Amino acid sequence: MSRRRDQHESDHRGRTEPKLGDLGGLDEPPRSAAPPDDLPSMDAEPRGWRRASKLPRRSRRRGWLVPVLVLALIGVVGGAWIEQNRLRNLLPRTELNDVLSRAQQALAAGHLDGDDGNSARELFQAAVALEPDNDAARNGLHQVGMAEISQADAALQAGQLDVAAQKAAVARELLGGGSDVDRLDKMIAAKRGSQVQVSTLVDQAQQAVAAGQYGGEHGAGALYRQVLAADPGNAVARHGLDQVGDALAAQAQKALDANDGTTADAEIEQLAALQPNNAALPGLRAARAQVRQQDSAALDAALQQGDEALRAGRIDGPGDDTALAHYKAALALAPDNPQAEAGLGKVAQALTVQANAAMDAGDAAQAGTLLDHAAALAPKSADLAAARARLQGMAQAKSSPQTGIKPGAAPKATAPADEDSAADAGMLHPALTPQQSEQIASLLQQAQAATQRGDIMLPPGKSAYDLYRNALAIDGNSAVAQHGLQALPGVVLQLFNRALAAGDLARAGLMLDNLADLAPGDASQNILRQRLAGAWLDQADRQLAGGNRAGAMQALEQARKLAPNHPRVLDLTARLQSGT
């Protein structure tokens with residue numbers, strides 16, 4: 001195919017129109033290629049046309065290449081800027097690396113701060129001065145700050161408040177503050193505040209030691225324990241507590257040598273509470289157990305002799321062979337011993353019986369003397385109160401026998417008409433006025449209501465006991481009042497059993513105390529004490545198993561008051577003191 005320039009075209013290159021040429025030889029076979037003649041090839045197209053067609057294509061290539069080169073250059077520069085620290089690390093820096101290495105060694109050795117130029121803080125700061133943006137140096141200073149916090153905590157626990165404060169200040173400088181530093185500052189301030197109180201307690205404890213006041217709530221032992229609670233590492237308090245322990249052990253041994261079992265027990269218990277591992281405790285307990293065994297034999301003998309004297313009628317009077325003397329001897333050996341106290345109650349009952357016999361014989365003076373002796377032993381006995389009311393009725397009858405009535409009989413308007421009635425004039429009671437009768441009826445109604453509520457001895461003036469006595473003060477021969485008063489011990493026993501079954505041990509204890517007042521000679525009270533002590537011990541075991549040592553100790557104390565020699569009391573005491 002060939003091209004032809006348009007003769008009318010203004011362009012000097014002209015316009016080439018397509019030309020088909022000769023179409024007559026389309027059916028002929030193609031001609032064979034001409035043999036090579038080893039001559040250079042010639043382009044038949046016009047030279048100007050080829051140059052004109054290739055120039056725009058080269059210009060287009062150069063146009064996009066320049067922006068690409070610029071972007072590549074920007075990327076290289078930016079990457080170098082971002083990775084400058086890593087790139088720097090690739091370069092040899094002998095001085096900086098040496099400083100950082102020494103700083104890490106000082107940090108590992110715990111040499112955090114100082115002014116000798118070799119501390120971790122100083123070396124890391126030197127590294128920062130050499131290269132302010134060095135990550136290793138800045139991270140090292142942060143590690144120094146955290147290490148200062150750890151050392152400050154240790155100093156605080158050791159009671160070195162000045163050291164802790166200095167290290168906390170360094171940590172604040174390095175870390176710029178933070179919750180850990182604030183926590184340290186608050187704890188240091190609290191410790192400084194408690195030091196003033198600790199110093200005061202130490203002075204008070206030393207004064208108590210000088211005065212010989214070792215035990216008790218305000219004794220030296222308790223004061224030193226308060227100091228150790230506020231400052232466990234206080235050496236003065238620990239030494240002072242050792243002194244108190246030695247003093248208590250010496251006092252306990254002195255009491256044992258003097259056969260003063262009560263004082264010895266108190267001293268031993270105080271020593272065990274203050275220093276459970278005191279070396280003197282085992283020996284003191286062994287010695288006390290031996291003395292207690294001897295005292296137990298003497299106690300049994302005194303109780304037996306008291307019972308024999310009571311059966312023989314040797315109730316009261318001069319000499320050492322009376323029931324009263326033997327029971328008092330038993331109490332001297334074992335204060336608060338339930339059997340000895342019950343023995344005194346039996347003596348009071350026997351004296352009351354004798355007083356009633358004296359009143360039956362018309363001997364009011366002898367009856368009064370016997371009742372006074374009984375009141376010294378059992379002042380709230382129901383039988384004693386009834387007997388006193390009867391004696392008071394006798395006195396009132398003697399003051400106006402001509403208008404009296406027989407005990408329990410209906411009021412009469414006239415005096416006795418026959419000799420037999422006249423012989424009974426000493427037992428007559430003056431006629432009650434309508435107002436008195438109405439007052440007695442109201443008191444009896446209130447007393448019965450108080451009995452149903454369980455208000456036996458309390459509150460004062462409104463208890464069943466007081467209300468019945470007030471009724472008997474008006475009419476000492478009131479059968480209803482006497483019967484109600486003497487029935488109170490049985491009511492109390494029922495209330496005790498109900499409270500114990502319901503697990504209300506405090507109320508059961510109150511009922512037991514009421515029974516001891518109303519019927520001090522009742523032999524069944526010892527059994528009731530053992531039952532209540534067992535319930536308290538069960539509660540102590542449950543609380544100890546649950547980790548409530550304070551509650552277990554309180555329950556154990558209640559059981560000890562009821563039955564001090566109960567085997568479980570001794571076992572639980574040993575378990576609590578040993579921490580098991």
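1. A salt bridge here is a side-chain nitrogen of Lys or Arg within 4 Å of a carboxyl oxygen of Asp or Glu.

2. A word on the ground rules. This is a predicted model, in which local features need pLDDT of at least 70, side-chain atom pairs count only at pLDDT 80 or more, and totals for chains, interfaces and linings use all residues. Residues are numbered from 1 along each chain as its sequence is written, and side-chain values use heavy atoms, with hydrogens and water left out.

3. Have a look at R138 and D135, whose side chains form a salt bridge with N to O at 2.5 Å. Both sit in helix α5 (residues 135-157), three residues apart, so about one helical turn separates R138 from D135. (Helices, H or I of at least four residues, and strands, E of at least two, are DSSP runs numbered from the N terminus.) An α-helix has 3.6 residues a turn, so residues three or four places apart point the same way. R138 is partly exposed at 43% relative accessible area, and D135 is partly exposed at 39%. (Buried means under 20% relative accessible area, exposed over 50%, and partly exposed in between, with a 1.4 Å probe and protein chains only.)

4. Next come D372 and R388, which meet in a salt bridge of 2.8 Å, N to O. This pair links distant parts of the chain, with D372 in helix α14 (residues 364-377) and R388 in helix α15 (residues 382-399), 16 residues apart. D372 is partly exposed, at 43%, and R388 is partly exposed too, at 32%.

5. In the salt bridge between D538 and R568, the closest N and O atoms are 2.9 Å apart. D538 belongs to helix α22 (residues 525-545) and R568 to helix α24 (residues 567-578), so the pair ties together parts 30 residues apart in sequence. D538 has a relative accessible area of 34%, and R568 has one of 30%.

6. Finally, which residues are buried in α20? They are L488, P489, V492, L495, F496, A499 and L500. Because they cover an arc of only 130° around the axis, they lie on the same side of α20. (The arc is that of the directions from the helix axis to the C-beta atoms.) The face turned away from this buried side carries the exposed residues R498 and A501. After α20 comes G503, with a positive phi near 80°.
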